[in-house]
Amino acid sequence: MSLSSTPDGVSVAPRHLTFDVADDLKTLWFGNDVFRTAFFNALSLQFPEGEQQFIDAVRLYRDRIDDPKLAAEIRGFIGQEALHSREHRHYNEALKARQYDVDAIDRRFNRHMKWVKKLPPSRQLAGTCGAEHYTAVLANAILRHPEWMDDAAPTMRRLWRWHAIEETEHKSVAFDVYRHCVGNERLRRVVFLFVTFNFFKFTFLNTCSLLKSEGKLWSVSTWLGGLNFLWGKPGVLRACVPEILAYFRKDFHPWQQDNRRLLEASLSELDVNGTRA
Ligand SMILES: [Fe+2]
Ligand SMILES: [Fe+2]
């Protein structure tokens with residue numbers, strides 16, 4: 001039996017897409033809304049280094065995988081994350097046009113990632129599984145609720161949906177490697193607590209840094225609007241909570257959330273024919 005649990009009909013391979021977002025990123029690209037724009041930019045600022053760490057953690061174990069299907073998916077996973085990292089690096093570089101102090105934000109996150117890289121391999125891989133759970137849950141929400149991004153700039157919307165599609169496709173790859181090579185369920189769940197703390201910490205700090213540059217850090221209406229977006233209507237974060245918590249179940253597996261149909265529908269909308277590697 002294969003070690004891979006990626007279901008039939010899902011393949012993990014990078015699409016060589018590029019996104020020209022430089023002009024959009026000079027603007028409040030998400031509906032001219034300062035909080036929503038800052039929140040998504042805050043996520044993007046964690047991706048290049050974060051995704052490189054996902055690749056590095058899986059590489060620590062790839063020699064132990066002799067199952068051809070999972071080995072091929074590891075290659076696909078590395079390719080997808082490398083391209084996400086590249087596109088978000090361009091994205092983050094373009095943010096400098098709005099006078100954001102991207103370098104200071106990078107330095108703060110880099111200090112954290114240096115600490116992560118010193119952890120034992122099993123914890124690095126458990127951390128990757130936890131972080132991949134966050135990306136998979138957010139990806140599912142973005143794909144399931146296209147209307148949330150209706151007033152985002154079209155190229156930005158397309159970039160986020162491309163990323164969400166590929167996060168969904170490869171959501172069980174690191175998990176399958178962990179299950180086979182480490183398999184410690186307690187460690188998986190304990191590390192998830194740390195991942196959760198750090199994910200929210202850096203998303204919050206980055207959002208604050210960006211709002212500060214916009215002169216809106218102390219704007220009550222900005223924060224109330226943001227709170228409404230995350231927790232009220234549409235409640236982007238609130239909608240994700242049950243799925244986030246599912247990770248604590250002993251028998252959790254990423255494909256218990258079987259969103260293959262959503263993936264198929266999203267792929268046909270993205271129109272990526274001929275761009276597959
Ligand atoms: Fe990614
Ligand atoms: Fe990922």
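This is a predicted model: local features need pLDDT of at least 70, side-chain atom pairs count only at pLDDT 80 or more; totals for chains, interfaces and linings use all residues.
**View 1. Helix α2 and its span.** Helix α2 covers residues 47-59, 13 residues in all. From its first C-alpha to its last it reaches 18 Å, close to the 18 Å expected at 1.5 Å a residue.

**View 2. The buried residues of α2 and their partners.** Look here for Phe-47, Pro-48, Gly-50, Glu-51, Phe-54, Ala-57 and Val-58, which are buried in α2. These buried residues pack against four helices: α1 (34-44), α3 (68-94), α5 (121-144) and α7 (173-181).

**View 3. The packing of α5 with α7.** Two packed helices are described by the angle between their axes and the distance between the axes. For α5 and α7, the angle is about 145° and the axes are 9 Å apart. Their crossing is left-handed. On the α5 side, Leu-125, Ala-126, Thr-128, Cys-129 and Glu-132 take part, and they meet Ala-174, Phe-175, Val-177 and Tyr-178 in α7. Sorted by class, this contact has seven nonpolar residues, one polar and one charged.

**View 4. Asn-198 in helix α8.** Our last stop is Asn-198, which lies in helix α8 (residues 185-213). Asn-198 counts as partly exposed because it has 19 C-beta neighbours inside 10 Å, whereas a buried residue needs 20 or more. Also of interest in this view is Ile-105: it is 93 residues from Asn-198 along the chain, and the C-alpha atoms of the two are separated by 14 Å.

Definitions and conventions. Residues are numbered from 1 along each chain as its sequence is written. Chains are lettered from A and ligands numbered from 1 in the order in which they are written. Helices (H or I, at least four residues) and strands (E, at least two) are DSSP runs, numbered from the N terminus. The expected span of a helix is 1.5 Å times one less than its number of residues. A residue is buried if 20 or more other C-beta atoms lie within 10 Å of its own, exposed if 12 or fewer, and partly exposed in between; C-beta atoms are placed from the backbone. Two residues are in contact if their C-beta atoms, placed from the backbone, lie within 7 Å. Axes are lines fitted to C-alpha atoms, for helices over the stretch in contact, and angles run from 0 to 180 degrees between N-to-C directions. A crossing is left-handed if the near helix is turned anticlockwise from the far one by less than a right angle, and right-handed if clockwise. Ala, Val, Leu, Ile, Met, Phe, Trp, Tyr, Cys and Pro count as nonpolar, Asp, Glu, Lys and Arg as charged, and the others, Gly among them, as polar.
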